Amino acid sequence: MYIERHLHSGRHRDKQEAYTPPAPITSPIPLPPEEQAAMMNQEPPGAPIPAAVNQPQAGAPQYNYGQTYAAPPIANVQQQSSAPTTPKEKGPIPAEHQELAQSLDSLLQRCLSTASHPQTKRKLEDVGRRLEALYDKLRDNSLPAPILTSLHQLSQACSQQNYQAGLNIHTQMIQASNFSQISSFMTGLKVLMQVATQQGV
């Protein structure tokens, strides 16, 4: 039994001493032909991308992300709407009413020349606008004959500096006429005669 063990251990030592390790691999292991062909078709790292890849497709939108774009101009509607309009040229006052207009304008200018208080001047400026409304109706011949007759009587009283008579005619016109036809200028006539009375012109 001892002899068999001794012989067995001796054989084992002989096998360990007789083992020779394989030589190290110093050359690359050859790849199969199909893998070598695939590696040959690959681009090396850092190789430029083909020009066909960089070019955009036909019809595709192009964007330049490094460039700022100006907003499209917006039409200035306010300037267009506020463009100055040519005022309509007014025709002359009919000859039969020119004396009436001259009498009232003359009285207005005398009141303005003697007015010293700012409030009185503002009142007279409003009177001038209302007289212009009266003259527009005279140009258009849009006032009925009874009102025209009363207006001529009122202007004659103002020419004679009889302002109380003119105020009485003014009251009669309001009572007998359609106020919507005379409302644009009647207040101006009353203020004009009142200021003329106060200033004694």
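**From the chain to one buried leucine**

Guide: The accessible surface of the chain comes to about 15800 Å², and 54% of it belongs to carbon and sulfur atoms. Such areas come from the Shrake-Rupley method with a 1.4 Å probe; for residues, only the protein chains shown count as cover. This is a predicted model: local features need pLDDT of at least 70, side-chain atom pairs count only at pLDDT 80 or more, and totals for chains, interfaces and linings use all residues. Residues are numbered from 1 along each chain as its sequence is written, and side-chain values use heavy atoms, with hydrogens and water left out.

The chain has 9 helices and 0 strands. Helices (H or I, at least four residues) and strands (E, at least two) are DSSP runs, numbered from the N terminus. Of the 201 residues, 21% are buried. Buried means under 20% relative accessible area, exposed over 50%, and partly exposed in between, with a 1.4 Å probe and protein chains only. Take contacts (heavy atoms within 4.5 Å) between residues at least 6 apart in sequence: 71% join residues at least 24 apart.

Now the close-up. Leu151 sits in helix H7, residues 145-159. Leu151 counts as buried because its relative accessibility is 2%. Leaving out residues up to four places away in sequence, Leu151 touches Leu100, Leu134, Leu143, Met173, Phe185 and Leu189.

Expected span is 1.5 Å times one less than the number of residues. After H7 comes Gln161, with a positive phi near 60°.

Next, H8. Its 14 residues reach 20 Å from first C-alpha to last, close to the 20 Å expected. Tyr163, Gly166, Leu167, Ile169, His170 and Met173 are its buried residues. Down the axis of H8, they fall within an arc of 160°, so they line one face of the helix. The arc is that of the directions from the helix axis to the C-beta atoms. On the other side of H8, Gln164, Gln172, Gln175 and Ala176 are exposed. Cover for the buried residues of H8 includes H5, H7 and H9.

Back to Leu151. Its C-alpha lies 8.4 Å from that of Ile169, 18 residues away along the chain. Met173, buried in H8, is one of the residues that Leu151 touches.
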